[in-house]
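Colleague: I am new to this structure and would like to learn how to read it. Could you walk me through it, feature by feature?

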Amino acid sequence: MARIGAHFHVDNPLNDAVARGADAAQFFLGDPQGWKGPVIPGGDPSAIRDAFAAAGIDIYIHAPYVINVATSNNRIRIPSRKLLDQQLKAAASVGAKGLIVHGGHVTAGVDPADGLENWRKAVERIERPLPMLIENTAGGDGAMARSLDAIGRLWDAVTEAAGDDANLGFCLDTCHANSAGIDLADAVDRVKAVTGRIDLVHCNNSRDEFGSGRDRHANIAAGTIDPALLLAVVRAAGAAAICETPDEDGGLAADVSWLKQHLPA
């Protein structure tokens with residue numbers, strides 16, 4: 001059975017993962033909206049790694065949202081590369097299975113080819129001691145990983161730049177795909193035709209309609225996406241799944257439990 005987990009915003013994600021019956025825990029190493037370097041909960045990477053291993057819970061780290069290595073704005077791109085490098089090293093130090101980073105975007109009037117070149121340079125220059133999982137995004141005309149065509153161009157660029165030293169992967173977010181106008185009924189097959197792989201699923205329902213371009217997550221049974229479609233995506237992907245859904249009224253634990261109940265042992 002696929003490993004099923006959730007994203008936690010707490011100082012001690014292990015306790016919350018255990019309390020919610022999760023097999024995996026995704027969390028930030030510091031402020032997701034800030035430029036400061038990674039912060040290890042408790043300050044001891046080996047202690048984090050050993051505690052999660054003893055509990056049988058996998059770790060995934062999500063990079064800060066501010067990172068945008070695609071942009072031509074030097075004041076954002078250069079700090080983004082530095083912070084991404086720091087996050088990769090810190091995630092490896094705690095034994096994470098992967099670091100998830102958004103595909104980023106170029107600003108209006110900038111050729112997306114410039115964003116691809118900036119991604120190539122980032123991949124060439126930044127060491128990846130663990131898999132870096134590029135995540136699809138929900139909206140934005142200059143987004144590098146919104147449509148399947150854009151994902152394909154980005155994937156070709158980064159894998160060419162990586163060469164044999166890959167450590168690259170893909171994270172499919174169901175809410176983002178739905179909002180970007182990607183039909184979830186065959187999304188896994190179509191993504192794999194582009195990337196050859198899906199390493200992680202962000203299993204999120206959406207508060208908004210198909211093709212809305214908006215990124216507002218909902219609990220599995222509470223959004224506009226048929227829960228059966230979400231389940232089919234996780235099954236077809238054959239990868240670990242992380243719920244980034246609201247925690248109010250026990251919603252996050254219910255989502256983890258629902259996936260576990262409906263996936264084959």
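**The barrel and what packs around it**

Modeller: Gladly! Eight strands close into a barrel here, with parallel pairing, in the order 1-2-3-4-5-6-7-10. On average, neighbouring strands of this sheet are turned by 25° against each other, direction ignored. Please keep in mind that this is a predicted model.

Colleague: How should I read the pairing of two strands, and how many bridges join strand 1 to strand 2?

Modeller: The general idea is that strands of a sheet pair through backbone hydrogen bonds, either parallel or antiparallel. In this case, strand 1 (residues 4-7) and strand 2 (residues 24-27) run parallel and are joined by three bridges.

Colleague: Which strands does helix 3 lie across?

Modeller: Helix 3 (residues 74-93) lies across strand 3 (58-62), strand 4 (98-102) and strand 5 (132-135). With strand 4, helix 3 makes an angle of about 155°.

Colleague: Now to the helices. How do I describe two that pack together?

Modeller: Two packed helices are described by the angle between their axes and the distance between the axes. Take helix 5 (residues 148-162) and helix 7 (residues 187-195): their axes are 9 Å apart, at an angle of about 30°. That angle makes helix 5 roughly parallel to helix 7. The crossing of helix 5 past helix 7 is right-handed.

Colleague: Which residues of helix 5 and helix 7 meet?

Modeller: From helix 5 come Leu148, Ile151, Gly152 and Trp155, and from helix 7 come Arg190, Val191, Val194 and Thr195. By class, this contact of helix 5 with helix 7 has five nonpolar residues, two polar and one charged.

Colleague: And at what angle do the axes of helix 8 and helix 9 cross?

Modeller: Helix 8 (residues 227-237) and helix 9 (residues 251-262) cross at roughly 65°, and their axes come within 11 Å. Helix 8 is therefore roughly perpendicular to helix 9. Helix 8 also passes helix 9 in a right-handed crossing. Pro227, Leu231, Val234 and Arg235 of helix 8 meet Trp258, Leu259 and His262 of helix 9. Five residues in this contact of helix 8 with helix 9 are nonpolar, one is polar and one is charged.

Colleague: Last topic: how many salt bridges does a search of the whole structure find?

Modeller: The search finds ten salt bridges. In one between arginine 3 and aspartate 58, the side chains meet at 3.2 Å, N to O. Arginine 3 lies in the segment before strand 1 and aspartate 58 in strand 3, so this pair ties together parts that are 55 residues apart in sequence.

Key
Residues are numbered from 1 along each chain as its sequence is written. This is a predicted model: local features need pLDDT of at least 70, side-chain atom pairs count only at pLDDT 80 or more; totals for chains, interfaces and linings use all residues. Side-chain values use heavy atoms; hydrogens and water are left out. Axes are lines fitted to C-alpha atoms, for helices over the stretch in contact, and angles run from 0 to 180 degrees between N-to-C directions. Helices (H or I, at least four residues) and strands (E, at least two) are DSSP runs, numbered from the N terminus. Angles under 35 degrees count as roughly parallel, over 145 as roughly antiparallel, 65 to 115 as roughly perpendicular and the rest as oblique. A crossing is left-handed if the near helix is turned anticlockwise from the far one by less than a right angle, and right-handed if clockwise. Contact means heavy atoms within 4.5 Å. Ala, Val, Leu, Ile, Met, Phe, Trp, Tyr, Cys and Pro count as nonpolar, Asp, Glu, Lys and Arg as charged, and the others, Gly among them, as polar. Two strands pair if DSSP finds at least two bridges between them. A salt bridge is a side-chain nitrogen of Lys or Arg within 4 Å of a carboxyl oxygen of Asp or Glu.
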